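Here are a few notes from going through the model. Have it open while you read.

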Amino acid sequence: VAAIPTGRFSTTQLASTMQHLLEGIPSFLAAEHVMLLSLSILYVLRRKHTSHRANAKLAPYGPDVILPPHVTSYIPYLGSALEMSRRGIRHFIAKYTDKFRHAHPVFTATIAGDHCLFIGDPDHVTMVYRYSLHLDDYALQKQFTRNVLGITDAVDEGVIFGDVAKEAHRQYHHYLFSDGELNKTVREAQVIFREILPQMIGGGGTGGSSGRGSSGRDSWHRQDLYRFVRDCVFKASVAPLISRHLATDEASKLYEVFDKGVPLMFGEAPSFLVAKAADARTSLIDIISDDRFVGEGSDLMKARTGLDFSSNSFVRSALGLLFASVGNSIPAVFWCLYHILADPVAYEAVRTEVEGVINSRKRNSGNDDPGPSSFSLEELDHMVLVKSCFQEALRLYHGAFTTREAREDFVVVRFFH
């Protein structure tokens with residue numbers, strides 16, 4: 001905590017100054033003008049106080065140390081939060097990185113009461129690891145588990161971030177990324193796609209409507225693309241990775257409501273703003289608490305029952321696993337599919353590539369039977385255009401960012417010059 005210079009305004013001085021200024025205001029000025037003038041004076045005095053405080057904080061470090069440029073905002077507490085949410089975190093960072101580029105690749109802004117420092121140049125994100133001694137890796141993760149997952153018990157929180165967490169992460173990486181488990185998961189996901197796609201294309205999914213009014217095979221149906229992707233990806237991800245008991249239309253709809261409320265819950269928004277999300281969370285937890293959740297669960301979930309979780313921490317950490325599994329994949333698949341369908345050239349190129357893989361399978365088998373309906377990992381690796389479309393969708397729309405909480409003030413060396 002920096003010492004406050006003795007030259008700052010005291011409360012008595014501030015009141016005296018305000019009274020002196022207000023005495024000189026003509027009587028015909030409306031009350032709102034007086035209020036605006038008062039606020040302006042308070043703002044100027046606040047800036048003066050902030051400047052004194054900043055100088056006091058920098059004094060021990062010498063003349064070569066400066067504060068990063070700060071995004072100006074006149075909204076108390078919220079700061080730049082509204083501007084950042086209006087067009088997204090990526091646009092916000094890009095805008096002010098460009099504005100302050102002449103000075104530094106870092107800048108600060110007030111976001112919902114927090115003084116945040118942004119690293120605008122991706123080449124310098126590694127400074128987060130360089131100064132790890134001054135940063136808390138778990139502060140925001142703990143905030144997520146408390147506010148979003150509802151793990152408020154200190155013992156449960158200790159388990160989540162203790163030795164059990166290391167084993168849980170090891171299990172997650174084994175069942176998600178090891179060759180044998182990954183092949184199994186990919187096959188199961190494709191089986192589920194084949195189960196649900198005919199129902200949805202046939203009008204059985206949410207948000208669908210018949211286009212010709214015919215019940216024959218040649219009838220067509222109109223679907224809301226995002227809901228179509230949400231339901232498909234949700235079920236095809238949740239069933240093989242978590243539990244078939246959770247891979248339902250009901251759970252998919254509940255997850256959508258919960259997902260919309262996650263940012264507000266994380267930021268400790270008033271209860272009336274997160275009521276629907278909290279209710280959806282409760283309903284999802286009820287589904288996960290059912291014995292059938294583990295009974296129809298994946299190998300990963302059954303392995304997690306052997307860890308030292310309480311019943312509450314097991315259920316709520318499973319909700320966190322659900323969020324991690326589909327929180328990014330649903331919008332990523334949606335944008336990829338949207339742009340492929342919107343571009344006839346891209347659509348034909350991707351379709352030709354996929355058909356080429358199928359035809360290669362036919363040639364290798366020596367007959368017209370294309371073999372198993374599921375694509376192997378090797379075949380998927382040959383779909384270069386599909387992979388490129390997906391990566392381009394991530395480049396355009398992916399807005400994830402790494403966050404840390406500073407434990408203390410520290411000086412960032414200007415190694416980027």
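1. A quick word on terms before the helices: an axis here is a line fitted to C-alpha atoms, for helices over the stretch in contact, and angles run from 0 to 180 degrees between N-to-C directions. Keep in mind that this is a predicted model.

2. How do helix 10 and helix 15 cross? Helix 10 covers residues 225-241 and helix 15 covers residues 311-326. Their axes come within 10 Å, with a crossing angle of roughly 130°. Helix 10 is therefore oblique to helix 15, and the crossing is right-handed.

3. On the helix 10 side, the contact uses Val233, Phe234, Ser237, Val238 and Leu241, while helix 15 brings Leu322, Ser325 and Val326. By type, that contact has six nonpolar residues, two polar and no charged.

4. Now for the largest nonpolar core, which has 53 residues. Ile242, Leu246, Phe258 and Leu322 touch the most other members. Helix 10 supplies the largest share of this core, nine residues. Apart from it there is another core, of 12 residues, including Ile89, Ile93, Phe107 and Phe118.

5. Leu322 deserves a click. Beyond its neighbours within four places in sequence, Leu322 contacts Phe234, Val238, Ile242, Leu246, Tyr255, Leu284 and Gly327.

6. Not counting residues up to four places away in sequence, Lys235 touches Ile192, Ile196, Pro240, Ala247, Thr248 and Asp249.

Note on methods. Residues numbered from 1 in each chain as written. Predicted model: local features only at pLDDT ≥ 70, side-chain atom pairs only at ≥ 80, totals over all residues. Heavy atoms only, no water. Core = buried A, V, L, I, M, F, W, Y, C linked by side-chain atoms within 4.5 Å. Buried < 20%, exposed > 50% of the residue type's maximum accessible area, 1.4 Å probe, protein only. Helix = DSSP H or I, 4+ residues; strand = E, 2+ residues; numbered from the N terminus. Contact = heavy atoms within 4.5 Å. Parallel < 35°, antiparallel > 145°, perpendicular 65-115°, else oblique. Left-handed = near helix turned anticlockwise from the far one by under 90°. Nonpolar A, V, L, I, M, F, W, Y, C, P; charged D, E, K, R; others polar.
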